[in-house]
Amino acid sequence: MSAQQFKYLFQPIQIGPFTVKNRIMTAPHGTLMCEMGLPTEEFIYYEIEKAKGGAGWVGMSVGYTEPRDIIFQKHNGGHYDRHAWAWKKEIIPGFKRIAEGVHEYGARCSFQIYGSTLGSKRGPSLVPDCNFSEQMWEPLTKDDIKRYMEYHAICCENIKEAGFDAIDIHNHSGLVADFISGTINKRTDEYGGSLENRVRLLMETIDVTRQVVGDKMAIGYTLTVDDMLPGSIVPEEAVELAKMLDEDKKVDWLICGIGRETQSMHMYFGPLYLPPAYQLYAVEQIKEVVKNIPIVAVGRINDPMIAENILAEGKADMVAMARPLIADPELPNKAREGRLDDIRPCMGDNQNCIKFMMDGAPIRCIANPTIGMEHWGWGIGGYKPAPVKKKVIVVGGGPAGMEAARVCALKGHDVTIYEKANELGGQALLAEKLPGREELGGLIRWQKIQLPQAGVKIVTGTEVTAQMILDPKPDAVVVATGSTWMRNGYTGMSHMEVDGWQQDNVFTADEIVRRIANGDTNFGKKAFIWDGRVDITAIGLAEMLADQGCEVEIVSPVPMIGGLDQIKDMTIFHTTPRLLNKGVILSPNTFIVMLVDRTVTVLNTHTMAMREITDVDTAVFITGKTPNDGLYNELEGKVPELFKIGDARNPHSMGEANRDGHFVGRLL
């Protein structure tokens, strides 16, 4: 698709009192880049980068409404002090810099205000807190509501003074959403009961916002069409609410989506197990009844062609992207210029964006290693020629090696990358073969396109020796030779090998994936997986083996198969049904003791009771990886500059490997 074929995506649109140059919005999302509620340099540059990359509208979040939103939380706890404290006058200088930077690139900007109930011990009614179920919410009094409105007005004044174009009212959780909910709101006064009463707080919030900002700024509302909780916020009532807002044109735009923080967050932050534009069914319901307000679609709209089709079919007036513009802030400019192959893909894995946010850490991205580094000058257009051109050899063509080679070449070095296999990609080629995770190959495909464009010479099917490198000696060598899966079942939880690991029916994760990829389906009738690594690997392999007709059991020492990280990145809510529907047996809190022939003995970590799993044809041990650093050790002290990156340095994740390669590329 050429730039000329984007008939709708780059057309301007009127939003309230202002014109937006195109139909691409950065969807409001929490970055956790503030400190003690104030914007940092990291946050300021991060947001401006979206405008620099071509988005017509930069939507920002999260702005807490009042001190009581965070008073019960300890500082440095993550979500509370690293989101903006929108009531504080001290935010204005930093926000003003963002507004000025966004406007410099011809874009508009809005900020989303959030009256929090999560963890603040208060809400519309006396109900259990959704996160801390031992706590009951304190019902808001009329004085509390008045106080909320007063602080909301202060927030609006601050955002207005900073020079923002618009204010967005949050509704995927918080006071407004909880008052609207038919199951959370149990009030018997004028704020409870009928839909008209339950939306009263929203209408009053909009009115207060308009009183503060006047007609020179726009006001938007993030409308939850379906929060996926029976009887809470349901599509039928969302449609009626949309009609109310539309009749009087109470707001200037509506972002429409599904899910609630935190009960149905796995649908709010949908991972790669959900298809692109999966929330569109909800957007369409609102678009059908709203005639006066522009509708913004959201939810894994990760490709400009998908966005164009949504607009062309009249299903929305704008599209909002969060994760795709994290993966590549230049997506709009590249699409407009017809450079679709140059767009770094968002793979929807949630490992470094959503999971980091859940950890209370500033967000990052497995595909884009410069997120959060824009203030270092590492953002768009940040490659400067190296002062001295060097001959650089990169050994290993996985994500880390390819990124190091790409960055070195962009800085003007003479770069050659060697890969032992016949194809670049490393272990990422195996990761994308796990069921439902096909998109994980997106980064590899993008890197393969970028290397020749940057001038990197590529040599595959060649195992590099120290002698090959030393004759003639290069200026720098980057060793990215990956790692090897451990076969002996050794984990950090026991620091012991598993007796029987040498048997012929014991396999590593990569061996299973390769066999299935090559058409070898001879795994017998029963498979056992020892998951001492606790990530997506065991889950994916279990589904693969079940698809081959095996009865599969996963044993893991942690309380939940997949562990806490799979909850944080929202994948476990999608993978667990897949496993259970295929008959996979999940055995958490269980440790492997030994394997003798086809019998595995396991131990319950709480009761210490042992049991036997018999007739095991295939056993898979998934634990650690051993760095393949032999070449590095041979070269140490023999070349001017030597680096070890990715799994060869420290077996970790794709995101860590990609950042490792990028950082070393910047150093050279």
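**Note on the predicted model**

1. Helix H17 (residues 442-454) has 13 residues, which should span 18 Å at 1.5 Å a residue, and the distance between its end C-alpha atoms is 18 Å, so the two values agree. The expected span of a helix is 1.5 Å times one less than its number of residues. Helices (H or I, at least four residues) and strands (E, at least two) are DSSP runs, numbered from the N terminus.

2. Some remarks on the basis of this note follow. The model is predicted, and local features need pLDDT of at least 70, while side-chain atom pairs count only at pLDDT 80 or more; totals for chains, interfaces and linings use all residues. Residues are numbered from 1 along each chain as its sequence is written, and side-chain values use heavy atoms, with hydrogens and water left out.

3. Which residues of H17 are buried? They are Gly442, Leu443, Ile444, Trp446, Gln447, Gln450, Leu451 and Ala454. Buried means under 20% relative accessible area, exposed over 50%, and partly exposed in between (1.4 Å probe, protein chains only). The cover over these buried residues includes helices H15 (399-410), H16 (428-431) and H24 (654-667), together with strands S17 (414-419) and S18 (457-460). Just after H17, Gly455 has a positive phi of about 95°.

4. H1 is mostly covered, with 9 of its 12 residues buried. Among them are Phe43, Ile44, Tyr46, Ile48 and Ala51, and also Glu42, Glu47, Glu49 and Lys50.

5. The protein chain as a whole contains 24 helices and 30 strands. Its C-alpha trace spans about 75 × 65 × 45 Å along the principal axes. A compact globule of 668 residues would have a radius of gyration near 26 Å, and the 27 Å of the protein chain agrees with this. The radius is taken over C-alpha atoms, and the globule rule is 2.2 Å times the number of residues to the power 0.38.

6. Of the 668 residues of the protein chain, 61% count as buried. Contacts (heavy atoms within 4.5 Å) also deserve attention. Among those between residues at least 6 apart in sequence, 73% join residues at least 24 apart.

7. Most residues other than glycine have a negative phi, and most peptide bonds are trans. Where are the cis bonds of Ser61 and Asp471? One runs from Ser61 to Val62, with omega near 0°, and Val62 lies in strand S6 (residues 57-64). Another runs from Asp471 to Pro472, also with omega near 0°; Pro472 is placed in the loop between helix H18 (466-470) and strand S19 (476-479).

8. Arg300 has phi near 55° and sits in the loop between strand S14 (295-297) and helix H11 (304-312). Its relative accessible area is 6%, so Arg300 is buried. Met608 has phi near 65° and lies in the loop between strands S26 (599-604) and S27 (610-613). Is Met608 buried or exposed? Its relative accessibility is 52%, so Met608 counts as exposed.
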